Amino acid sequence: MLNKLKIGIRTKITLGYIVIILCLLASVIILYQQISSLQNERNYIIKKDSNIQALTNHIEKSFLDMELGQRGFVITGESSYLELYNETSENWKSDFNELYQLLEKNPTQQEKLNEIKTTIEHWITTSGEPSITLKKENNTEALWKLYKVDIGRKDMETVRDQFESLRSEVIATMQAKVNELDRKNSIVTLTLLGILVFISVVAIIIASSISRSIVKTLTEVTRTIREITASKSGQKGRIRVRTNDEINALATATNELLDALERREWLQLNIAEIVTKYQGISAITKLAETFLSEIAQKTQSSLGAFYVREITDNQIQFVKKAAFAGATDNVGMESFKLGQGLIGQCALEKKVLIYNDIPEDFRLIGTGLGKIPPKGIFIVPIIFENDVIAVVELATITSFNKLQQELVKQVIDTFGLTINSVLGRMEIVRLLNESRALTEELQVQSEELQAQSEELQLQTEELTMINEQLEERTKEAELKSRELEQAKKELEESAEQLLLNSNYKSEFLANMSHELRTPLNSILILSEMLAENSQNALSEEEAEFAKVIHSSGEDLLALINDILDLSKVEAGKLDINFDEMNMSEVPVQIEQTFAPVAMKKNLQFYISKDENVVDIFYTDEQRFQQILKNLLSNAFKFTKQGSVHLDINQLSEEQLTNNMQDVSADWLEITVSDTGIGIPNDKHQLIFESFQQADGATIRKYGGTGLGLSICKELARLLGGWISLQSSEGQGSTFTLTIPSLPNGIEEQKRLELAIHEVGATNELEVLMEEQLLDTQDFSQQEVEVFQGKNILIVDDDYRNIYALKNALEKRGMNILVAKDGIECLEIMQANDEIDLILMDIMMPNLDGYETMSIIRKQMKITDLPIIALTAKAMKNDRDKTLEAGASDYISKPLNLDQLVSVLRVWLVSKGS
């Protein structure tokens, strides 16, 4: 309650003064009462003292008057003296009684006063009355005797002494009371001083408290303002004042000013960020996506759509160019007209619409956990020169606050100019591209006309010669045709014979390998038994001969096995069984097999396996182990000193190409490296051929048949992988086996793609295309806009051509679809109606390019789709034939990338216009 009560500085100071004045007033009242009490006591003492003095004097005077009247009557006999006596004898008693009453609080003085009364009464009875009586009786003699004794004189002296004692006692009592009053006066004086000191202290405390409160508040306000001024972070502090006065009002006003400045700074910063984001963008779709993404983040919107005005057939409609945070692709309407729905009404009235009461059946906002209904919708028209050129619609699961609304409105104020500039720039680019396309087309036509003119001229000049030579050539052609037909038949027969011989050879090798095993098996068993010499029946030399025979038999068995495997591979009869293989057991098995070999040759043998290698890998474990043991055997054979390394790694997703990812998500890379003799660079391909080694000296020195690596290469291919080599003479060798995990085996199609990928790095066509790509890497922004998002269908049966074209075109922003022949092309055309252009190879199996183009044009009635024919033939009639079949243009192989890009630009721009 006190905190809510507003107490100003003036009120505080006034209250301080009032407190001080009240303290002064209370002290004055208290002092007044004390002083009044002292005054009354002093007046009472003075009055009482005066009364006592007066009464004692009256009594003493009355007593003296009695004595005077008694003596005057006795001496003169006059009655007037007797009247004075009688009158004073009555008066002194009343004075006595009054004085007795005044001394009621002083028993001692009353006792002294009684003594005086007794003495006076004694004088009256012993001297006054007897003398008067004697005088009245004129008894002079008795009167003379009475005065001669003079008893009354003693009483007179006694009365005087008693009165003097009484007065002394009264004076002493009065002096004591005066001293008491002086003491009280001193106390009052000290009290006055104490009150003055207290009031001074209270005034100082109140003044100090009020000033400290004001100064502390001002100091806190000053410190807070300095901290806010020195703060560089986005979080600004605020002035907090506990008092409820003018300084609190100042702090509140300052905080409101800081809030306004912070809001203004937030607006300016976010406007600058948004403007910076979309600066330099020249495509309306990219501009819409960037703007919508930024404005949605700044306003915490959960859903949004961006529409741009387009005029089609003299009708204005707004077409969606971008969407934000849609759970599917259909966020918002694809297009709307003026007045159609709330968004159309917004565009028609050119007004901002904000709705917070959203019906329950409105589109839900999708998240990873579910769907949430929006709480607020914000529809904003973007106006340029009093025309709505775009509309932005935003939705949020909370609500749009005023600051977010102000941000959107301020950004929209200048965004219309940007949209108009981009649309104008795009129109200029479109016209420029059309102009370029027309220019290039005219240039091509001009060149063609010139070529045709020159060709016609040459043809006219040569026509006579051709006619003369025609008959001779016809005869020669007929003769050559017969010779070619004969040669063709001979070639076909030779091919059939070669195939038959190859099959005979494979079957012969397989049969011979099996036939050789039977006697060899006996030789191995008997030689092993003789070498053991368990009964010591043979001499040491004979036992050594038996060991040599057994060793030679094992070598012969290995050779037979290699020949058998090679024959099975060539004949296509080698069975590959894909199954689970525990990769954690491989290092142990390899170490158990080759550790004794390494120890025997005094070599270091290292095996490493990465932690990310999968435990379960799907391949043919027998063939995998055969490849691995063959590579390690070669490594140990050709290494005299140093070490042999076996490294098992799993390829990361970044290391996998698209073709590899299509085959499997898990790939292993097994590397066998040694410090042996190495292989010359010119022998890298030779060693993978059958019965081949680096040179004759190697065969003589190390032995072997040269079949191991050839078999390894074929086995790796059958497992879906390949073997690569890195080696230099004298520097050791590194063989790398790369294979996929294939739970379901490998299809022939994927094996073909992998083979293309394996040799793609050295393929001449790919190298040529890569060089052209490097030369044309810095293509213009206009070219990106022409090619961006275009769907290109490549129809070719040569995967090398597909691989090269796909890489080249995807780098320019185009989406690539692939068909292996005409049949697959037609199937893709029927399933996808968004293809912008087709690159069609002519010579293909099943359905060639001519028939495919004819079906597209005549049966499917697709006449406006550009089709570029690609063929290795270069005769003029071939060009005419492709154009008659339905091709839009013609490019001969080998392809020139610049020519291909130019032709694509011409037809894509023409189709877009």
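View 1. A search of the whole structure, which is a predicted model, finds 0 disulfides.

**View 2. The aromatic pair of F291 and F306.** The count of aromatic pairs comes to 6. One of them joins F291 and F306 in an edge-to-face arrangement, with 5.8 Å from centre to centre and 75° between the planes. This pair links distant parts of the chain, since F291 belongs to helix α7 (residues 284–298) and F306 to strand β1 (residues 303–312), 15 residues apart. F291 is buried at a relative accessible area of 1%, and F306, at 1% relative accessibility, also counts as buried.

**View 3. The stacked pair of F594 and F636.** The rings of F594 and F636 are stacked, lying 5.7 Å apart centre to centre with 5° between their planes. The pair connects helix α11 (residues 586–600), which holds F594, with helix α12 (residues 621–637), which holds F636, across 42 residues of sequence. F594 is buried, with a relative accessible area of 6%, as is F636, with 2%.

**View 4. Further aromatic residues.** Y307, F318 and F336 together form one aromatic cluster. Elsewhere, the charged end of K881 sits over the ring of Y850, 4.5 Å from the ring centre.

**View 5. Surroundings of T736.** T736 lies in strand β15 (residues 733–740) and counts as buried because its relative accessibility is 12%, under the 20% limit. Beyond its neighbours within four places in sequence, T736 is in contact with E669, I670, T671, W722, I723 and S724. The C-alpha atoms of T736 and I670 are 5.6 Å apart in space, although the two residues are 66 residues apart in sequence.

Note on methods. Residues numbered from 1 in each chain as written. Predicted model: local features only at pLDDT ≥ 70, side-chain atom pairs only at ≥ 80, totals over all residues. Heavy atoms only, no water. Helix = DSSP H or I, 4+ residues; strand = E, 2+ residues; numbered from the N terminus. Buried < 20%, exposed > 50% of the residue type's maximum accessible area, 1.4 Å probe, protein only. Contact = heavy atoms within 4.5 Å. Disulfide = S-S within 2.5 Å. Phe/Tyr/Trp six-rings, centres within 6.5 Å; stacked < 30°, edge-to-face > 60°. Lys NZ or Arg CZ within 6 Å of the ring centre and 35° of its normal.
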